[in-house]
Amino acid sequence: MAIVLISLILITLVVLYFYLTKNYNYWQKHKIPCADGILPGVGHFWDLITMKLSFSECCRKIYKDNRNHSMVGIYNFRSPALMVLEPELVKTVMQTSFSNFHENGLKVDPELDPLVSNNPFFSSGEKWATGRKRLTYAFSSMRLKILLESVKQVCQQFEDYLNRKLSNVGKIELELKDMFARFTAQVVTGAGFGIDGLSFNKEKEKESFYTMGKSFLQPTGMNNIIVTLVFFLPSLGKIFRLSLLPKKVDRFFRTIIADVMEQRRTENIPRNDFLQLMAELERVEGTKIDLEILTSHAVSFFLDGYETSSITLSFVGFQLASHPDVQEKLRNEVISVLDKYDGVITYEALKEMTYMDQVMSESQRCVPAVGFLTKICTEATELRGSDGLTCHVERGMQILIPVHGLHEDPRYWERPEVFDPERFGPDRKHSIERFAFLPFGEGPRICVGMRMAQLQMKACLATFLRKYSLELSPKTRTPLKMDASYFLSAPEGGFWVYIRPDKN
Ligand code: HEM
């Protein structure tokens, strides 16, 4: 009896092993080098499953270990995926051969996540083109100036919030992601929907957009499991019927957008927000935009704008706290430019703050909020690397772009470990390898909200730096170690700083 049982177990294990490793000779067959460290069933993502490294950090490591090749084959769990390692191939995938790779690799199920699935990031074809066109309309220079009026109100609320915190005390200790998430949540609600998101209101914090955003975007254990299953193991995500946007948040958006849009369509009061721009677009196009689609655009504004921008701001804040000389130089720029504009944060004033652009770009180079990108081959093609490797890419193949790895490759960046905003200065920026710097992606799918993001981040930093200074608290764990369970970039333990009114 025991022998039968042992034999059965052995047979099951052998069958399971063959099932889990069935595809693992794909790269050998295609004569493409394969990254080391493959394990049955999980491929190259054992560190992700054991929560040792995030997906982005896994890609960063694979890039580092294989960058002597132009491309490397990996196994994303059981499926072969190709990582392109040189900027020229990144350009081919993201721009030159866009029609062969026009879909993003991260997907959501339209049935489980209807509002998110209409987001241009997750859609393709006609749906993508229409969604992208509408967001592009809202973020033209002329309309950004309109949105800036709402952002300026948030800047005032931000300043009041800090003044309240600092009243009667010389300095306060704060976590930067928390502080900037209040700012970006308030921008989304103010510049997005023309309402007060209550994110700086201590009494009403529980009802605020900041709390709502945190409830499903913050890297807690449960949220991370949901994101990992939805994005990286979608078949399991489907079985458990998991959605990125919790039902409660889905209902909340539907109610709020329906109410606000109804008002906007009927009343004629000029306003400075995204929904007003959508109401105007309806008038221009002469058709009503379907409410479900409009709600999806509003959710895009929230999902894409809130978390990425607050992450980016908190890394910039960390760099400024760690490099007092850069902080001082930037403060001087902010003060001298604002003096020219009577202290008012205008569109033109922000444009003149060019050192601020350098600081933000360099911070994004050191740690991009989105450390990897994935594309899907939509039409079979051939990719040829400069080292002679040629890969026949089949339709449906996933392509990985190791953004963070490219940002720290010494072949493209002199002393990449050094935070040096001068790299992006007028003398040196022309020598930057364009496709080795991808904080907002590239090509026809480049982040459609990039200019909105830069505008709100610059307004936030200008408001902060003209009055306050930042100093690193010993509570910040340096050197930074990225939170392994989060799919965007966030350091373990957060960014703790002391904030005090600036002496000057
Ligand atoms: C610092 C803040 C932000 C960062 C770092 C960021 C980064 C990115 C990246 C890396 C992509 C993928 C691009 C590609 O596939 O080539 C992307 C796409 C996108 N972003 Fe952003 N983003 C930010 C802010 C925003 C804001 C404020 C909005 C809108 C309100 C926005 C809306 C979008 C949309 C709709 C897409 C999909 C575009 C498409 O596939 O056509 N993003 N973003």
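## Exposure and basis

Buried means under 20% relative accessible area, exposed means over 50%, and partly exposed lies in between, with a 1.4 Å probe and protein chains only. By that scale K214 is partly exposed, because its relative accessible area is 28%. K214 sits in helix α10. Helices (H or I, at least four residues) and strands (E, at least two) are DSSP runs, numbered from the N terminus.

The model is predicted: local features need pLDDT of at least 70, side-chain atom pairs count only at pLDDT 80 or more, and totals for chains, interfaces and linings use all residues. Residues are numbered from 1 along each chain as its sequence is written, and side-chain values use heavy atoms, with hydrogens and water left out.

## Aromatic pairs

A pair of aromatic rings is described by the distance of the centres and the angle of the planes. Rings of Phe, Tyr and Trp (its six-membered ring) pair if their centres lie within 6.5 Å; planes under 30 degrees apart count as stacked, over 60 as edge-to-face and the rest as tilted. The whole structure holds 32 aromatic pairs. F209 and F302 make one that is edge-to-face, at 5.7 Å centre to centre and 80 degrees between the planes. F209 belongs to helix α10 (residues 209–217) and F302 to helix α15 (residues 291–322), so this pair ties together parts 93 residues apart in sequence. F209 and F302 are buried.

F232 and F372 give a tilted pair, with 6.2 Å centre to centre and 50 degrees between the planes. F232 lies in helix α11 (residues 221–232), while F372 lies in the loop between α18 (354–366) and β5 (373–376), so the pair ties together parts 140 residues apart in sequence. Both F232 and F372 are buried. They also belong to one aromatic cluster, together with F45, F55, F77, F121, F122, F231 and F487.

## Charges over rings

A charge sits over a ring if NZ of Lys or CZ of Arg is within 6 Å of the ring centre and within 35 degrees of the ring normal. R182 places its charged end over the ring of Y210, 4.0 Å from the centre.

## The ligand shell

A residue is near a molecule if one of its heavy atoms lies within 4 Å of it. The ligand is surrounded by 27 residues, and the closest are W128, R132, K375, R445 and C447. A polar side-chain atom of R132 lies 2.7 Å from an oxygen atom of the ligand. K375 also has a polar side-chain atom 2.7 Å from a ligand oxygen. E442 has a polar backbone atom 3.3 Å from an oxygen atom of the ligand.

Elements giving two or more residues to this shell are α7 (125–138), α15, β5 and α20 (450–465). The largest share, 6 residues, comes from α15. By type, the shell divides into 14 nonpolar, 8 polar and 5 charged residues. Here Ala, Val, Leu, Ile, Met, Phe, Trp, Tyr, Cys and Pro count as nonpolar, Asp, Glu, Lys and Arg as charged, and the others, Gly among them, as polar.

The expected span of a helix is 1.5 Å times one less than its number of residues. For α15, with 32 residues, that gives 46 Å; the end C-alpha atoms are 46 Å apart, which agrees. Of its 32 residues, 26 are buried, and α15 is mostly covered.

Helix α9 (residues 176–193) has 18 residues and should span 26 Å; its end C-alpha atoms are 25 Å apart, which agrees. In α9, 16 of the 18 residues are buried, so the helix is largely enclosed by the rest of the structure. E175 caps the N-terminal end of α9, with a side-chain oxygen 3.1 Å from the backbone nitrogen of K177. G194 follows α9 and has a positive phi, near 70 degrees.

D250 lies in helix α13 (residues 247–266). D250 counts as buried because its relative accessibility is 14%. A polar contact (a pair of N or O atoms within 3.5 Å; within protein, one must be able to donate a hydrogen and the other to accept it, and residues adjacent in sequence count only if both atoms are side-chain atoms) of 2.6 Å joins the side chains of D250 and R254.

D483 lies in the loop between β9 (468–472) and β10 (496–501). D483 is buried, with a relative accessible area of 17%. D483 and M51 are 432 residues apart in sequence, yet their C-alpha atoms are 9.0 Å apart in space.
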